[in-house]
Amino acid sequence: MAKGEIVLGCLAPHPPHVVYAENPEQNEAFAEGGWETLRWGYNRLARKLKSIDYDAMVIFTPHWQTYIGTHFLGLPKFKSKSVDPVFPNLFRFNYDISVDVELAEKMCEVAGESGIVTKMMRNPDFRIDYGTITSCHMLNPEWDKPLVTISSNRNAHYYSPEVMNEQASALGIACSKAIEESGKKVVLISSHSLSHRHFVTESPLPEDMSREHIYNHSQYVWDMKLVDLMRDGKMKEVIDIMPEFTEQTIAETEAGGLTWMMAAMGYPEYPAEIYGYQSVIGTGNLIAAWDPIEATREIVL
Amino acid sequence: MSDSEILFGIYCPPHPQPLLSPEASDGYGKLRDAFETCRKRIEESEADLILVYSTTWPSIIGHQIQGHPEPEWVHVDDDFHYLGSMPYKFKIDTEFAEKFRESAESRGLQSRTVAYDGFPIDTGSIVALKLLNPDNRIPACIVSSNMYANRAETIVLGKSARDAIAAQGKKAVVVVVSSLSNRMFTEHIDPAEDRIHSAKDDEWNKKILEFFGNGRLEDLSQLSREIHGQIRVQKVVAYKPAWWMSAAMGQHNNYTGEVLAYEALHGSGGAVVVLTPSKGSVGDKEFDEDDVEHYHGDRGVLDTGAL
Ligand SMILES: [Fe+2]
């Protein structure tokens, strides 16, 4: 069996607003549009994914929060409705997803062997979080690939962002080993915003783009610092300043997604593909991808 | 506002073990028995409303209030999914929900009711309502805990609950769903060997329970920041339940306090406490902070700091 590999890594923010604005048939709410910079960026990245041969998407989500280890979805099918607890007015999504249980079990096993506390999630009533659904829907609206969702163990809450960085790195390395051993071609998804301070009020029409802007300039400056480093292919440096960035901007990187993905990909030294940056209810959201193959790597924006 | 009729308050833990696996340890069983005692107390009372403030329902857009008349789903906990599913169907007092929203808004808070099929009611609210009001004999209402809210906002939210109860002439039982110390073990454990995560957490929990036992709710509210710093995992900005509970129940120390159980829940401190308004105060306030009546938003320290 050929060695498995990571064929693409995607930073895929999951404000439910972008699914809402797309008006897919699965979502009950109706929008007049909005957040085009992000949506069009997502559409472009989704087109790139169509040109890539892969077996499964592996997504690390901040909205399945676990404190007792790292958990993996462990049943082949989940079909239900996901309602966002924070923005139920925008996101009530009827989903029908397939899970690559074999790959999930392999990751769980290898992570366990490397000393990480793990658990397979096998309760059929479990609801898939809106982070997983939003990122996966925007990257693959056809839903024709199986997923593995990995929960986010909240080390930043229990210890510090530094401990989060260490633990998420260890998980990333274990997952990459599991992928190699699986023989599969896998797309990794790190599902989160960058800076993450929200407005606590919402305009009467949530998609009224005249009201949308970053929470404050400091958040913006930090986000741009990260984008510059990504463009320059300095991902080790991004991960090294992650604790500082996370604390300063109360970033959603606190869950460990980007650290996990970069560790799994060996801290790329090549430029990231940048697909778009826009604020959603004050938070900073970047869509980016890391393509290990130089021949197909693009300068998008 | 005129006097609210709050018959008594209950403080109880959000973890699902007392509901799903009470037999797994003596401690879980004792917590379950304490919930059972509270259920009977509610049944024997003249309560016509159970109002739940849950620390496991975070919100961002202001303060969300459950407004679906019959929310129904099968819930599964993020961590404890292997203990089983929690099917629920509750009866919500939607008129109260609207009144509560109105009261919150009139005190300057951003607030909205949520009434969507399939809205994910949180583990803590489900555990509390299923154990305290299993047959939905009494209509309930649930309010979220805003991620960014701090003391002023939380106290004003408590006062608006009190306003709404008074305005509708309700006889209410107020339920606050929260752990004491909230650090859990980060590994899977044998429930029979469950214990409080650390001696420090245990000592602080016992100190809090001493206050509860003496009916000193407002004193606990005043100590909230200290409690947060000492024994609360820093995942939210503050230990808000004591602020909300005291503000909702009238900001004093005149209660008969009963600690019905105190046990470990995967390392965290789980207690079931009943506070019944009584005559006569025990103790004075430890210290005083602003008593905010109307919420005017965050203070713009960046704009006014130079003054
Ligand atoms: Fe998020």
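Among contacts in chain B (heavy atoms within 4.5 Å) between residues at least 6 apart in sequence, 82% join residues at least 24 apart. The model is predicted, and local features need pLDDT of at least 70, side-chain atom pairs count only at pLDDT 80 or more, and totals for chains, interfaces and linings use all residues. Residues are numbered from 1 along each chain as its sequence is written, chains are lettered from A and ligands numbered from 1 in the order in which they are written, and side-chain values use heavy atoms, with hydrogens and water left out.

Chain B has ten helices and ten strands (DSSP runs numbered from the N terminus, helices being H or I of at least four residues and strands E of at least two). The radius of gyration of chain B, taken over C-alpha atoms, is 18 Å, close to the 19 Å that the globule rule gives for 307 residues, so chain B is as compact as a globular protein of that length. The rule is 2.2 Å times the number of residues to the power 0.38. The C-alpha trace of chain B spans about 55 × 40 × 40 Å along its principal axes. Of the 307 residues of this chain, 57% count as buried (buried means under 20% relative accessible area, exposed over 50%, and partly exposed in between, with a 1.4 Å probe and protein chains only).

In chain B, B:K240 occupies the loop between helix 8 (224-231) and helix 9 (241-249). B:K240 is buried yet has no salt bridge (a side-chain nitrogen of Lys or Arg within 4 Å of a carboxyl oxygen of Asp or Glu). The nearest side chain of opposite charge, B:E153, is 7.9 Å away; for charge, Lys and Arg count as positive and Asp and Glu as negative, while His and the chain ends are not counted. The side chain of B:K240 instead reaches the backbone oxygen of B:A149 at 3.1 Å. Leaving aside residues up to four places away in sequence, B:K240 touches several residues, including B:Y53, B:S145 and B:T154.

Over all chains, 36 salt bridges are found. In chain B, B:D291 pairs with B:K159, with the closest N and O atoms 2.6 Å apart. B:D291 lies in the loop between strand 10 (268-277) and helix 10 (301-304), and B:K159 in helix 5 (residues 151-167), 132 residues apart. B:K159 is buried at 5% relative accessible area, whereas B:D291 is partly exposed at 44%.

In chain A, A:K50 and A:E142 form a salt bridge with closest N and O atoms 3.1 Å apart. A:K50 lies in helix 2 (residues 36-50) and A:E142 in the loop between helix 4 (130-139) and strand 7 (147-153), so the pair ties together parts that are 92 residues apart in sequence. A:K50 is exposed at 54% relative accessibility, and A:E142 is partly exposed at 46%. A network of salt bridges links A:R44, A:K48, A:E273, A:D291 and A:E298.

The iron ion is coordinated by A:H14 (NE2), A:H63 (NE2) and A:E252 (OE), at 1.9 to 2.1 Å. Donors are N, O and S atoms within 2.8 Å of the metal (3.2 Å for Na, K and Ca); water is not among the atoms, so sites may look incomplete. The donor residues are spaced H-x48-H-x188-E in sequence. A:H14 is buried, with a relative accessible area of 3%, and A:H63 is partly exposed at 23%.

Notes
Polar contact = N/O pair within 3.5 Å; in protein donor to acceptor, adjacent residues only side chain to side chain.
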